[in-house]
Amino acid sequence: MSNAKIENLLNLALDASPNEREKSENLGVGYFPDRQAWEVIVRYVRDGLEQTKELLTRFGYGSFISKMTALGTAYAILLLPESLVDAVASLDGIIYMEKPKRLFFAANAAKRVSCITSVQSGSAEDMGGKGNLTGEGCLVALIDSGIDYEHPDFRNGDGTTRIAALWDQTLDAEALNKEKTDVNMQINYRAPEGYADGTLFTGREINLALEKNNDTERRKIVPSRDVSGHGTHVAGIAAGNGRASMGRYRGVAYEAELLVVKLGTPGENAFPKTTQLMEAVDFCIRTAEQMKRPVAINLSFGNNYGSHSGTSLIETFLNDMASQHQCSIVAGTGNEGAETSHYQNRIESGEVQEIELGISDYERKLNLQLWKRYQDELRVEILLPDGRTTGQLAGRGTLRVSFAEAELLIFYGEPAPYSIYQEIYIDFIPTGQYIPSGIWKIRLTAGKIADGVYDMWLPSGGVRNSGTGFPYPSELRTLTIPSTAAGAVSVAAYDSNTDSTAAFSGRGYTAWTDQVKPDLAAPGVDIISAAPMGSYAARSGTSMAAPFVTGSAALMMQWGIVRGNDIFLYGEKLKAYLLKGARRIDAVKEYPNPQIGAYGNIVSS
């Protein structure tokens with residue numbers, strides 16, 4: 001029987017076989033087969049964590065306690081033996097439990113059109129009596145794929161680093177200590193205090209590395225790398241100082257100090273998850289509090305898993321964190337606007353609808369979520385390309401339908417404590433290597449309908465083959481999570497060369513709750529910024545739009561908090577000022593709208 005305090009996907013994962021988890025894109029995320037344990041996110045009250053520790057100790061799993069990370073005052077990340085997941089969820093102090101979700105980086109002349117150049121070179125009178133705004137005295141936090149810390153754009157004039165801290169979640173501190181050489185014997189590698197994994201490099205350690213004459217010697221001291229270049233590019237937009245280009249490609253808050261978190265988990269097949277994101281946000285805010293600096297946090301990634309209504313634990317966690325300390329959390333809306341990953345429609349009582357889903361050749365893994373209001377009665381039938389059918393499916397919990405070539409794993413979810421919506425989750429599990437290709441159909445038969453709107457989402461982030469998707473997709477509600485969080489400043493992308501919206505940019509509004517998302521837009525097409533090896537490159541995506549807003553938030557906090565003009569200029573107040581200063585795009589006639597948001601594109605004022 002499913003536990004009502006455990007999210008649908010985790011309930012299904014607990015019920016799935018090892019083979020089903022292995023062949024699924026989602027079900028195995030967060031599971032450690034060598035320890036038969038799950039990493040989970042919990043929301044708790046009162047002594048919920050103490051109750052959990054007592055339970056783990058009683059059953060002989062005291063070693064798992066060291067993996068427990070409290071985030072803020074109501075959230076935690078736990079490592080639990082699979083046999084105790086249900087028991088922990090049932091504790092009085094545990095409110096709700098979710099499994100991690102995989103995250104995908106949203107990458108697919110801008111400063112001038114955003115009015116940032118004029119702010120950077122403004123008069124003393126305009127800028128609060130102390131000249132131009134540069135981000136000095138503020139922190140810009142980049143939670144991404146890492147950074148090329150050797151790049152001149154992230155170094156001061158004397159060659160020292162501008163990075164206050166670099167937490168590489170993918171590097172095992174214990175392993176680094178065992179592999180020490182004579183050049184790094186004075187360093188004791190460790191994870192940040194209060195966190196279980198990864199390795200923290202301070203500015204001192206990065207400077208020790210930068211003193212070396214070659215890359216090989218530097219990497220012996222600080223071996224963190226940005227392999228994809230995504231994080232380096234994002235950091236350059238938000239806060240690069242342009243030293244490698246004589247100032248030509250200078251970023252927004254170019255004198256801010258940097259906090260960098262490279263997302264992931266130690267290991268060969270590491271990939272970022274929502275648990276690492278939550279720890280990273282918590283770390284950045286804790287560090288900013290210790291340094292007594294305001295911080296603008298940039299999130300340039302997301303996923304499609306969830307109701308997109310802003311009610312999951314990752315979204316409510318970000319809402320809570322956005323109200324702590326002096327911070328602003330900025331998230332890109334993803335690049336699913338022109339993709340084939342989303343379908344939306346409305347169904348009436350007694351109506352039958354068929355939705356086509358194309359699955360290309362050589363597709364190994366695929367899942368589909370159908371979200372609706374719980375009170376709407378829908379029976380689901382799935383038809384294979386050759387016409388074979390599952391028959392009408394209805395009920396609760398896990399259902400399995402097997403064919404010679406594939407198994408369909410279907411989970412009928414229940415409403416959660418924070419959500420009135422129902423999920424019907426379908427995982428396509430191939431019997432051999434590949435899912436049968438062709439046009440599949442999802443036939444919906446409506447019973448009694450109160451609202452009738454439903455959404456279907458496929459995985460985001462380019463994990464599907466190019467031919468897999470809905471032939472007739474819906475471009476609205478293509479925001480990726482966590483840009484759906486109410487407390488985040490959600491940023492779409494537009495093309496500053498043509499003053500038009502970017503087709504790829506994720507669009508709103510949020511599902512059912514109809515929050516106006518995105519909040520605003522920023523340049524995100526062919527943006528030139530820092531790249532590894534001291535170079536520059538052009539990239540497009542909402543990943544590139546978000547750091548324009550993050551850097552702008554740092555400039556505003558410099559003016560307000562650092563210079564004393566408004567010590568409360570952060571969080572929702574800062575978002576309100578961003579929205580008030582946004583310039584409307586002439587081609588967009590109605591505001592608010594789901595492409596650009598509440599008002600238009602970013603203007604710093």
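Q: Which helices and strands each supply at least two residues of the lining of the largest pocket?
A: They are the helices α2 (18-23), α7 (173-178) and α11 (274-291), together with the strands β1 (31-32) and β4 (75-81); helices (H or I, at least four residues) and strands (E, at least two) are DSSP runs numbered from the N terminus. This is a predicted model, in which local features need pLDDT of at least 70 and side-chain atom pairs pLDDT 80 or more, whereas totals for chains, interfaces and linings use all residues. Residues are numbered from 1 along each chain, and side-chain values use heavy atoms, without hydrogens and water.

Q: What makes up the lining of the largest pocket, and which residues lie nearest its centre?
A: The lining consists of 41 residues, of which Tyr31, Phe32, Thr265, Pro266 and Lys273 lie nearest the centre, and the pocket holds about 1,100 Å³ of space.

Q: Why is the chain called as compact as a globular protein of its length?
A: The chain, which has 14 helices and 27 strands, has a radius of gyration of 24 Å, close to the 25 Å that the globule rule gives for 605 residues, so the description applies. The rule is 2.2 Å times the number of residues to the power 0.38, and the radius is taken over C-alpha atoms.

Q: How do you know whether Tyr494 is buried or exposed?
A: Buried means under 20% relative accessible area and exposed over 50%, with partly exposed in between (1.4 Å probe, protein chains only); Tyr494 has 0% and is therefore buried. Tyr494 is found in strand β23 (residues 489-495), and of the 605 residues of the chain, 61% count as buried.

Terms used: 1 Å grid on protein atoms, 1.4 Å probe; cavity = no way out; pocket = protein on both sides within 12 Å on 5 of 7 lines; lining within 4 Å. Points joined across faces, edges and corners; volume = space filled by probe spheres on them.
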